[in-house]
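Please look through the sequence and the model that follow before reading on. The paragraphs after them move from the chain as a whole to its helices, and then to single residues.

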Amino acid sequence: MLAEQEQFLLHLAHVISQQERKVVSKIRERAGTEEMYLIFIREYDRVRGQIIRARYIRAEATLTLPEWLSILAYFQWRCAYCQNKPFQVMHHLIPRPQGGTSVDNCVPACYRCLKLKAPDDTCIQEYLATLKPRSHSCEHTLLHEETS
Ligand SMILES: [Zn+2]
């Protein structure tokens, strides 16, 4: 995936997410080429399907398509564990019922790595460190302020 293509997909995701009605023919038109359309719609359906499943079990369901595309760009559309194989699935780091389908719980992965007992997750830890701390970390901030 080229950087310009990534940028384009991200832009498209923002545009589409602002539209109330998602019309496939419009998405296809905006995607420009059939190749970009297929990549876009595959990830669009993936996020949508995962969000529906998370909502169904009343787990956190906050992952957006722009967020997912950014995660994919971060890992260069490869498995987040081996950084080698093209990714095959959206993997939940903490099982969905507890971790939810969110930006800090979903990474691209390949089947091979998911079969391993303890795949190397160095890159995932690095990725998680780039995310802004979540609101529930407020408590810690308050504690620090009180003690200082
Ligand atoms: Zn892998």
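What share of the contacts in the chain with a separation of 6 or more comes from residues 24 or more positions apart? In this model, which is a predicted one, such residues account for 59% of those contacts. The chain has 148 residues, of which 22% count as buried, and it contains 8 helices and 2 strands. Followed from the N terminus, the elements come in the order α-α-α-α-β-α-β-α-α-α.

Two packed helices are described by the angle between their axes and by the distance between the axes. For helix α2, residues 24–31, and helix α3, residues 34–56, the axes come within 8 Å and cross at roughly 130 degrees, and α2 and α3 are therefore oblique to each other. The crossing in which α2 passes α3 is right-handed. On the α2 side the residues that meet α3 are I27, R28 and A31, while on the α3 side they are M36, Y37, F40 and I41. Sorted by class, this contact of α2 with α3 has 6 nonpolar residues, no polar ones and 1 charged residue.

Helix α3 also packs against helix α4, which spans residues 65–74, and here the axes come within 10 Å and cross at roughly 115 degrees. The crossing of α3 past α4 is right-handed. The residues that make the contact are E43, Y44 and V47 from α3 together with L65, W68 and L69 from α4. By class, the contact of α3 with α4 has 5 nonpolar, no polar and 1 charged residues.

Which residues of α4 are buried? They are L65, W68, L69, I71 and L72. When α4 is viewed down its axis, these buried residues fall within an arc of 155 degrees, so they line one face of the helix. Among the elements that cover the buried residues of α4 are α1 (3–18), α3 and the strand β2 (106–109).

The strand β2 leads on to C106, which is found in that strand. Apart from its neighbours within four places in sequence, C106 is in contact with L63, W68, I71, M90, H91, H92 and T101. C106 and I94 are 12 residues apart in sequence, and their C-alpha atoms are 8.6 Å apart in space.

Where does R58 lie? R58 lies in the loop between α3 and α4, and it has a positive phi of about 60 degrees although it is not a glycine. With 9 C-beta neighbours inside 10 Å, R58 counts as exposed, since the limit for that class is 12 or fewer. Just after α4 comes Q76, with a positive phi of about 55 degrees, a value that again belongs to a residue other than glycine. Q76 is placed in the loop between α4 and β1 (89–92). Is Q76 buried, exposed or partly exposed? Because 14 other C-beta atoms lie within 10 Å, Q76 is partly exposed.

Notes: Residues numbered from 1 in each chain as written. Predicted model: local features only at pLDDT ≥ 70, side-chain atom pairs only at ≥ 80, totals over all residues. Axes fitted to C-alpha atoms, helices over the stretch in contact; angles between N-to-C directions. Helix = DSSP H or I, 4+ residues; strand = E, 2+ residues; numbered from the N terminus. Parallel < 35°, antiparallel > 145°, perpendicular 65-115°, else oblique. Left-handed = near helix turned anticlockwise from the far one by under 90°. Contact = placed C-beta atoms within 7 Å. Nonpolar A, V, L, I, M, F, W, Y, C, P; charged D, E, K, R; others polar. Buried ≥ 20, exposed ≤ 12 C-beta atoms within 10 Å, placed from the backbone. Arc of directions from axis to C-beta.
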